[in-house]
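Work through the exercises below with the model open. Each task is followed by a solution in steps.

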Amino acid sequence: MTMRKTAVAAAPGLGAARLTRDQKRAFWAAWGGWTMDGMDSFILSLVLVPALRDVLPKSGIPPTTGNMGFYSGLLFALFMIGWGTALVWGPVADRFGRAKTLMLTILWFSLFTFLAALSQNVWTLAVFRFLAGVGIGGEWSIGASLLSEAWPEERRTWGACMMHTGYYFGLVLAALANYFIGSTFGWRYMFVVGGLPALFVAFLFNRLHEPARWKEKRAELGARLTMPQAFVRVFSGQYRRRTILNSIYLIASIAGLWAGSTYVPQAITYIAERGGTAAAEAARLASYATALLGISTILGAVSTPWLAKRFDRRTTLAIFFALMLIFVPLTFGYVFYLPQNALAWFMVCTFFLGFGGANFAVYSFWLPEQYATECRVSAFAFTTNIGRFVGAGLTYLVGAGIRHYGTLGTPVAMMSVAFAVALLLLPFGAETKGKPLPE
């Protein structure tokens, strides 16, 4: 019996612990929602240059390199503030259910992504991206918690990592959409494509059910299961230290995402145009880089269950952090400025930036393991989203740095300092390997 259980844990697709229909639906709902999150969140990165060249003059602002850098940082910062505001979804999901709240967040970001296509100046574009961020920021915490609670204990880690690949499949979808639609029909049609996830909600309606673990906890606590109570529990003496540390780790990951990933298409565009490449071809090269980024991060996420089995949670995260600490400054501080072959070497580095970016997959199973059911989504939402407010400030500083230095590379490379800080603090995090999901 022990050997059989070990085989099931090692090869989740085999053995006696077969998934039920509801468990499969929980996975595809979490994976699909996170895929569409990835697609929507990366659309702005892909179309940022042509979009700003269109809306800045309509706003009375010259589209100079400095202004482009400043307003790109401003747009990213506002988007991240919206994403951070999404921490409000955590108490909602703890009180009213994971499935209902998941569908609501998808509808929310689909609507405001679509409305961004109608923007006539930089300010309306900023408002719609802020509001889209509020919806996008809620899906991860809800989807990961839903999956952790619905799936068998021996398959949670594997399921959470596979769920997290969805975000990066979304990057690939965004790259394909930009290649076939954005580069041909313009940036506004990309936001129209970003509104399509609303159709996914129609498919989920009446098919997705709440996990039994949450329903039992709701029945047990009754009127005591409230949104304020769920939120306050995250800062109780039992959880305060780990909540603070988890938030710091997420700040580093978010800094890496917006340095190591989000600025990649813009950097590729600048390198290509610097070498005399036409704008349409530069957009296609940015799509290639985004696809490579997504594929390499999927490979990183797929390797995470093996790393988590071989090492503990903190060591697994440290491996990804170390990669980002090396490749963010190397890529943007050195390769970006190479006089020759910069594009080729930047593509090579993009692969490692993507692989290191899979650090987010660790949180998908590590954070649910640290909190009880009645505050699990609140804790996940807070720790993953509060860091985005700090990330917004850092991103704004990057934009200001681009405007000051007149270059993209150096300010982005400086973001790697966050990984050095996080690596120093990782030994103090809560280790949960081998422990069951808390009730």
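What is the accessible surface of the protein chain, and what share of it belongs to carbon and sulfur atoms? The accessible surface comes to about 16700 Å², and 69% of it belongs to carbon and sulfur atoms. Areas are from the Shrake-Rupley method with a 1.4 Å probe, and for residues only the protein chains shown count as cover.

The model is predicted: local features need pLDDT of at least 70, side-chain atom pairs count only at pLDDT 80 or more, and totals for chains, interfaces and linings use all residues. Residues are numbered from 1 along each chain as its sequence is written, and side-chain values use heavy atoms, with hydrogens and water left out.

**Exercise 1. Describe the fold and its overall size.**

Step 1. The protein chain has 20 helices and zero strands; these are DSSP runs numbered from the N terminus (helices: H or I, at least four residues; strands: E, at least two).

Step 2. The radius of gyration, taken over C-alpha atoms, is compared with 2.2 Å times the number of residues to the power 0.38. For 439 residues a compact globule would have a value near 22 Å, and the protein chain agrees with 21 Å.

Step 3. Buried residues make up 60% of the 439 residues. Buried means under 20% relative accessible area, exposed over 50%, and partly exposed in between (1.4 Å probe, protein chains only).

**Exercise 2. Examine helix 13 and what follows.**

Step 1. Helix 13 spans residues 264–274, and nine of its 11 residues are buried. Among them are V264, Y270 and A272.

Step 2. After helix 13 comes G276, with a positive phi near 90°.

**Exercise 3. Classify two aromatic pairs.**

Step 1. Rings of Phe, Tyr and Trp (its six-membered ring) pair if their centres lie within 6.5 Å; planes under 30 degrees apart are stacked, over 60 edge-to-face, and the rest tilted. The structure holds 32 aromatic pairs.

Step 2. F235 and F382 are edge-to-face, with 4.8 Å centre to centre and 90° between the planes. The two residues are 147 residues apart. F235 is partly exposed at 30% relative accessibility, whereas F382 is buried at 12%.

Step 3. F327 and F352 have ring centres 4.6 Å apart and planes at 5°, so this pair is stacked. F327 lies in helix 15 and F352 in helix 16.
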